[in-house]
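Please open the structure in your viewer and keep the selection tool at hand. The stops below go from ring to ring.

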Amino acid sequence: MALVVLLNLVGCNKQDIGSPNSEGKVALRLTLKGIHNFTLDKNALSNKLDGLQVQKMYETHDGFESTSSFAIDAKENIKSASAAIGSEPSKLEEGVTYRLLVYHVNDQNEQEFFDKMDYVTRRNEPDGPIISANLGDKIKWYIYSYNDKETIPEIEDLDNPIVPMGINRDFVYASGEVEITEDLNPMEVILQRKTALIAVEIDARGLFTDEIRSMTFSLPANILKTSNFDIKGGVNVAGSVIGLPQQTIPLSSFTNIDEGYNDRKLVYMHTAVPEVWNNFSFSLQNLSILLDNSAVRSFPTTVFAIAKQFNIEPGKRYRAKMDLIESALTFGGVSWARENLYRTQGTRNPYRFYHENRQTDDFRSYFSFKGHIPGKWGSTVIGEQRDPCALVYPANRWIQPTKASFLNLTRTSTNLTTDGILPTVVSNLTDILATEATTNAVFGSNYIEYNTAQGSSAVYPESSNVLRFYYNGYDPIDINVLGDGWVNVNVNVNVIDTYGKATALWTSEQGLNVLGLVGAGAWGYFGSTRQVFLSSQFRAKGINSIQLLNVDALGLNVVSSARKNVRCIRNPNWEIISQQAGYNPEPNYN
């Protein structure tokens, strides 16, 4: 869309631009190119975003944790009204109103009001209006806009033009001076933002939803400011600062960052006064998300306390991005996901946790050792292996557990842990190892549970508020049945011997020496309800299980293994990882 500022002060008809007409008048065209580019990268959470300094904060709330990332523009604002080399301005939208003020500069360098014109941007606008003046005249012009479609308020004193910057409005401005000579070239104009642009993004992908159903964002009073602006001086008027009341922004005022997706929302705010923000806060009310079963999950009002200091400067951009991440259950010093991992196809956020912890033989939740796609073996090539938990958004917030992660889930009252070979069939659950129950473990009809885990929240159903592993069984399918290692298998059939009787979970850890075969095993967790040997008593029993592997048995660079569930844990090093310069929260699925 070509946007031009065009002013007919004297009828010029089709006068050539920059050439005197029969009356000695010369036409000057002002071509409005747009606003100095503050377009924000939709992936601005990446610490490697050019020109941005990123700070992060981590908070725990009721039902979720948040990572608040603050990106501060480090680039200098463009001072000139003309286009900067390498800077592509963002065009004003159609229908935006703006105003042009023109003053004649006399021999005493005093400005005398000449004219005022208001415009509305239109698509396919003709070459358009011009400023027409006498040869030798010196002209001072000013353009300002609120970058919206509202009518611009009238100015009380055009000889001393003072205008309000508006309440949370995007005030933009440009000025220039020119002496009218022959052969003037059109003058390109780029408007400069005189407010600080603050983009607020709410990202709910870490809650495993495709839609933020409702939300209200609130910023306390006196955080945003407004002021009057001296058009001739190009500065805020001293003593005119006003603190704005509380800003309450409904979901309808947010826009989708990614077209067609409702899980990332963005809104812009503006403040007109340079100042230091220190230890401020904001809140989310009425937050609810759509679940995978079409139900709605609601969260209580949440206050975000930002213990950071920011120097807010007009003309610069700032971004506050809040990643909302499902909270964890902590047991024995390890923070566990509330539900098992699964991978869904056809979405841009494929690795998720179920919204409700339940017994299921869903094929999408059974993974091979070192495999990140259900129904496919993992690669023996380390560079091609992916931790499926690390592929949950944001990247590397979750990881697969190690053997050590399960130690407190396999410890007895005498502080011993139990290791054993993963049973191939558990139809007979009588076990001499079950003489001692696992500490803090209880059992139900189809699960083993550790009932002292911390992190319960009324947001989640009962089954997700305890560290519970349902007896989903595992798929012991072997190399001869699977064929080439890349064929989807019918888990519903293959788990029949173990479904409802045991749970089997992978770790990321390969056994060093199993039965004399170096590297031929993988550690996991095996939980079940077991009958004490020569007794009618039953125990909840968790053991560290070793699973024998067929490593590259087919010459396909794959690890043939059983298919088991995966329960992810919080990455204890994530705060360090996420602060590193090359960190990108978008998982690498390739």
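Are Tyr98 and Tyr119 buried or exposed? Select the two residues: both Tyr98 and Tyr119 are buried, where buried means under 20% relative accessible area, exposed over 50% and partly exposed in between, with a 1.4 Å probe and protein chains only. This is a predicted model, in which local features need pLDDT of at least 70 and side-chain atom pairs count only at pLDDT 80 or more, while totals for chains, interfaces and linings use all residues. Residues are numbered from 1 along each chain as its sequence is written, and side-chain values use heavy atoms, with hydrogens and water left out.

The structure holds 28 aromatic pairs, a pair being two rings of Phe, Tyr or Trp (its six-membered ring) with centres within 6.5 Å, stacked if the planes are under 30 degrees apart, edge-to-face if over 60 and tilted for the rest. The ring centres of Tyr98 and Tyr119 are 5.6 Å apart and the planes stand at 20 degrees, so this pair is stacked.

Next, select Phe469 and Tyr525, whose rings form a tilted pair, with 5.5 Å from centre to centre and 50 degrees between the planes. Phe469 and Tyr525 are both buried.

Finally, turn to charges over rings, counted if NZ of Lys or CZ of Arg is within 6 Å of the ring centre and within 35 degrees of the ring normal. Select Tyr146 to find Arg169 over its face, 4.0 Å from the ring centre, and then Trp506, where Lys564 lies over the face at 3.9 Å from the ring centre.
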